[in-house]
Amino acid sequence: MILRRVFVGVFSMFTLAAQAQTTHDRTDTLRRAAAYIQRGDLTSAENELQSLIKQTPDDPLALNLLGVVRMRQQKLDEAEGLFHRAIQAGHKIAGPHINLAVIYASHRPLEAIAELGEALTIAPEDRQAALLVKQVSKDAALAAMKSGDKEKALEVLTKARSLLPQDPELLYETGLVAYESASYHEADQLLTKALQYQPGYPEATYALARTYLAESLAKPAEDQMRKYLSERPMDATAEYGLGYILMAEQRLDEAQAAFQRSLALQPDQTESVFQLGEIALEEGHNELAQDNFTKVLSRDPHHGGALTDVGVLAYRAGKYEEAKADLERAVASAPEFQKAHYYYALTLSRLGQKEQAEHEFTVARSLQKEHGGEHHLPAAQP
């Protein structure tokens, strides 16, 4: 009996030692394969992994690494199959989900984000997965916006935010899409929340200023733009933005100073020159206004605002044929600019072209109804 117990004890020790050796060998093989992949030696990596998979066909780490090899070889269908096998093995590891997300990112972003959600469920602190959620959603939203599919952009970003609800970057990106979709109240909420999680976030501050102005909230817009400029005082676009906001508040002298600061920072820009012309026109300095609009048109012959105002000056001077030519060009260059259609209609009426004038009045009224009360600033410069 004693001998039997000794034999059983020795056998158990040998079994444990064998298991430990097997585990040690497996770990070494995986480390060698990973090092080969890192060096770009995919053949050696595959040899190591295939030997391991031959012994243990459902080894999730080996399957995942072999999938990475296939990805590097651009054999994406095989890689996808290997990652799925690694997941189906039943061991909870984040790697295969992250790698599937990389495969899906460009063409199937919602599926990519879903895989990253699985990865974050397994490993909530996985920084790579969190960064990929943001990158995949940003790239997909940008592509959707470029193709005019704002709903798709919002869907992708909303899905990403469900995984990282307190991420200020995702709140900011979703706020931008809401702004571009004219959902200003939603943009306001999202951008305000982004600033709660990351106070002083410059891009969100600038975007909130744009949103407030679109909501006709000029004073809050001014406050946000000044806050942005306190952080980035050399931003010519922001100085232009401040000037534009001050014009909406009818503080023309302060607006003029902001546009001049903008030009001092970026002398070759056009929009501040145009707005200085607008101020001169409003204050009755017609010659100065004409000079500014001429300067704008020398840089951009199709500038709808400058063409319109040159036509306005000609109309007010009784030069109706000249005004008509300028305003025809303005309407062609900026078909949604209400002021161009309105003055074109007035000019046609003066020239006795009543039917065409009535048509332009109708267009002007529809544009006023559609865009009335909205002011828009350019996006922040990167």
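**Helices 8 and 9**

I began with the pair in which helix 8 passes helix 9 in a left-handed crossing, a crossing being left-handed if the near helix is turned anticlockwise from the far one by less than a right angle, and right-handed if clockwise. The model is a predicted one, in which local features need pLDDT of at least 70 and side-chain atom pairs count only at pLDDT 80 or more, while totals for chains, interfaces and linings use all residues. Residues are numbered from 1 along each chain as its sequence is written, and side-chain values use heavy atoms, with hydrogens and water left out.

I looked up the geometry next: the axes of helix 8 (residues 150-163) and helix 9 (residues 168-180) come within 10 Å and cross at roughly 160°. The two helices are therefore roughly antiparallel to each other, a label for angles over 145 degrees. Axes here are lines fitted to C-alpha atoms, for helices over the stretch in contact, with angles running from 0 to 180 degrees between N-to-C directions. Helices are DSSP runs (H or I, at least four residues), numbered from the N terminus.

For the contact (heavy atoms within 4.5 Å), I noted Lys150, Ala153, Leu154, Leu157, Ala160 and Arg161 on helix 8, and Leu170, Leu171, Glu173, Thr174, Val177 and Glu180 on helix 9. These residues divide into seven nonpolar, one polar and four charged.

**Helix 13**

I then turned to helix 13 (residues 236-248), whose 13 residues reach 19 Å from the first C-alpha to the last, close to the 18 Å expected at 1.5 Å a residue; the expected span is 1.5 Å times one less than the number of residues. Because 12 of its 13 residues are buried, helix 13 is largely enclosed by the rest of the structure, where buried means under 20% relative accessible area with a 1.4 Å probe, protein chains only. Its buried residues, among them Tyr240, Leu242 and Tyr244, pack against helix 11 (202-214), helix 12 (218-231), helix 14 (252-265) and helix 15 (271-282).

**Helix 19**

For helix 19 (residues 338-350), I found buried residues including His341, Tyr343 and Tyr344, and I noted that Gly352, which follows this helix, has a positive phi near 80°.

**Two loop residues**

I checked His303 in the loop between helix 16 (286-299) and helix 17 (304-316); His303 is buried, with a relative accessible area of 9%. Not counting residues up to four places away in sequence, His303 touches Thr270, Glu271, Phe274, Val296 and Leu297.

Last, I looked at Asp58, in the loop between helix 2 (42-55) and helix 3 (60-72), which contacts Leu63 and Ala89 when neighbours within four places in sequence are left aside.

Terms used: Angles under 35 degrees count as roughly parallel, over 145 as roughly antiparallel, 65 to 115 as roughly perpendicular and the rest as oblique. Ala, Val, Leu, Ile, Met, Phe, Trp, Tyr, Cys and Pro count as nonpolar, Asp, Glu, Lys and Arg as charged, and the others, Gly among them, as polar. Buried means under 20% relative accessible area, exposed over 50%, partly exposed in between (1.4 Å probe, protein chains only).
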